[in-house]
Structures are given as structure tokens and as C-alpha cells.
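Here are my notes on this model, point by point. Please read them with the structure open.

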Amino acid sequence: MAFELPPLPYDYKSLEPFISAQTLEFHHDKHHAGYVTNLNNLVKGTDLENKTLEEVILASAKDSSKAGIFNNAAQVWNHTFYWNGLKKNSGSPTGELAEKINASFGSLDEFKNQFKQAGATQFGSGYAWLVLDKGELKVIKTPNAANPMTDGQTPLLTADVWEHAYYLDYQNRRPDYLQTFLDNLINWDFVAEQYAHAAKY
């Protein structure tokens with residue numbers, strides 16, 4: 001069963017002026033779509049062909065001979081997760097998630113500071129993440145296509161810091177993109193859903 005490119009959960013203009021329709025169109029329809037195509041070509045005829053995306057990621061993560069499969073599978077997953085975590089002007093976290101953020105970081109502002117620092121200091125391409133790790137919230141950064149699930153962590157939120165995620169809108173100003181992401185683009189309902197689900201296990 002071939003992997004498919006999931007549609008964006010909103011239209012191209014939904015995140016303007018913070019992320020332009022042009023960026024979304026290129027990022028989703030070219031980059032994300034390209035990873036899906038590559039992944040299908042790479043797993044065709046292998047024992048991974050009928051696995052779930054998560055199973056492919058975990059099976060290929062520590063096997064250098066499957067690096068191409070891992071990179072494309074993780075990028076398909078990472079991008080889908082990134083899209084779902086975006087929503088314009090969605091406010092602030094509430095309830096149990098807000099309490100956990102305050103307990104883990106001291107305040108929402110301190111979480112934002114740590115997240116922005118992680119994304120801004122990721123050398124080259126990669127992601128900044130909010131993860132649940134053994135019951136605790138942590139901010140981490142990963143290079144290239146790497147995904148926290150391969151280290152037993154549960155992703156709750158990610159910001160894509162590959163240049164194609166922001167360069168048309170922010171050029172080389174990655175910290176500005178990250179600050180805009182943190183202040184205007186986090187879908188806190190989605191993050192809360194990920195946290196509620198992960199906290200059960």
C-alpha cells in the first residue's frame with residue numbers, strides 16, 4: 001500500500017501574513033510531496049513496503065543501510081506533524097497542558113525562550129521540538145530528518161527550521177520566523193491532544 005501525501009489541514013492563505021501562501025504551496029506540494037514519492041520508490045519490493053510510517057521510521061532509524069528510507073519516511077511524518085501543529089492566532093495553552101508547561105519550564109515565556117533558542121541554534125537543517133520524555137516536558141532540537149520517537153520521546157509540537165520552511169518570507173532571519181511561530185502560529189489544541197494521549201501511557 002503506497003504512502004500518500006496528506007492534504008494541508010487548511011488552505012494556502014490560512015496562515016498569512018505569518019506564513020505566505022507561496023511558502024505553503026512550495027513546502028507542501030513540492031518538498032513534502034517529494035519525500036512521499038521518494039519513500040514509495042525506496043520501500044517498493046522491500047519488507048517495509050506494507051508497514052506503517054511509524055514502523056518504517058523505527059525499523060530504519062538505526063540501520064545505516066536504510067538511511068535513505070529513514071530520511072524520507074521521517075520527513076513525511078515530520079511535515080505532516082508540523083502542518084497539524086500550525087493554526088493562526090490560536091491563543092495560549094490552557095488546562096493540564098498549561099499547568100505542565102509552567103511546572104516544567106517555570107512559565108510559558110521561558111518555554112518560548114528555550115524553544116526559540118533550540119531552533120535558532122540548530123546548525124543547518126532540522127527541527128525544534130516540544131516532547132514528553134518519561135513524563136516530563138523537554139525542548140530539544142534534531143538535525144536533518146531526525147525524529148524524537150527513535151529515542152523513546154513523544155513529539156507534541158515541532159517547528160521546521162529547514163530553510164524552505166521560512167526563506168521566502170523571512171530570508172535568513174530564522175529567529176524572527178521562530179518568534180512568529182511561537183507567538184502566532186501554534187495550534188495549542190493539537191498540542192493538548194498529543195499531550196493528553198501521551199500522558200495516558
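1. Overall fold. The chain's secondary structure amounts to 8 helices and 3 strands. Helices (H or I, at least four residues) and strands (E, at least two) are DSSP runs, numbered from the N terminus. Along the sequence the order is α-α-α-α-α-β-β-β-α-α-α. The radius of gyration is 17 Å, close to the 17 Å from the globule rule for 201 residues, so the chain is as compact as a globular protein of that length. That radius is taken over C-alpha atoms, and the globule rule is 2.2 Å times the number of residues to the power 0.38.

2. Ground rules. This is a predicted model, in which local features need pLDDT of at least 70, side-chain atom pairs count only at pLDDT 80 or more, and totals for chains, interfaces and linings use all residues. Residues are numbered from 1 along each chain as its sequence is written, and side-chain values use heavy atoms, with hydrogens and water left out.

3. Size and surface. Along the principal axes, the C-alpha atoms fill a box of roughly 50 × 40 × 30 Å. The accessible surface is about 9900 Å², and 49% of it belongs to carbon and sulfur atoms. Accessible areas come from the Shrake-Rupley method with a 1.4 Å probe; for residues, only the protein chains shown count as cover. Of the 201 residues, 48% count as buried. Buried means under 20% relative accessible area, exposed over 50%, and partly exposed in between (1.4 Å probe, protein chains only).

4. Contact range. Contact means heavy atoms within 4.5 Å. Among contacts with a separation of 6 or more, 68% are between residues 24 or more positions apart.

5. Annotated site. Where does UniProt place the feature "binding site"? The unreviewed entry puts it at H27, H79, D160 and H164. These residues span 138 residues in sequence, yet no two of their C-alpha atoms are more than 11.8 Å apart, so they gather at one spot. UniProt positions follow the numbering used here, feature names are shortened, and annotations may be inferred rather than shown by experiment.

6. D160. This residue sits in strand β3 (residues 154-160). Its relative accessibility is 0%, so D160 counts as buried. Leaving out residues up to four places away in sequence, D160 touches H27, H79, Y82, G126, Y127, A165 and Y177.

7. H164. Its place is the loop between β3 and α6 (167-170). Beyond residues up to four places away in sequence, H164 touches T23, H27, H31, Y35 and H79. A polar contact of 3.4 Å links the side chains of H164 and H31.

8. L157. Strand β3 also holds L157. With a relative accessible area of 1%, L157 is buried. Its contacts, apart from neighbours within four places in sequence, include F81, F111, F115, W129 and F181.

9. Helix α7. Which residues of helix α7 (residues 174-185) are buried? They are R174, Y177, L178, T180, F181, L182 and L185. Their cover includes α3 (67-84), α5 (108-121), β3 and α6. An α-helix has 3.6 residues a turn, so residues three or four places apart point the same way.

10. Salt bridges. The count is 7 salt bridges, each a side-chain nitrogen of Lys or Arg within 4 Å of a carboxyl oxygen of Asp or Glu. D176 pairs with R173 at 3.0 Å, N to O. K66 pairs with D63 at 3.1 Å, N to O. K134 pairs with D133 at 3.6 Å, N to O. K134 is exposed at 78% relative accessibility, whereas D133 is buried at 9%. A network of salt bridges links D133, K134 and K138.

11. N147. This residue lies in the loop between β2 (136-143) and β3. N147 is buried, at 2% relative accessibility. Apart from neighbours within four places in sequence, N147 contacts F70, W77, N78, W129 and P155.

Note on methods. Polar contact = N/O pair within 3.5 Å; in protein donor to acceptor, adjacent residues only side chain to side chain.
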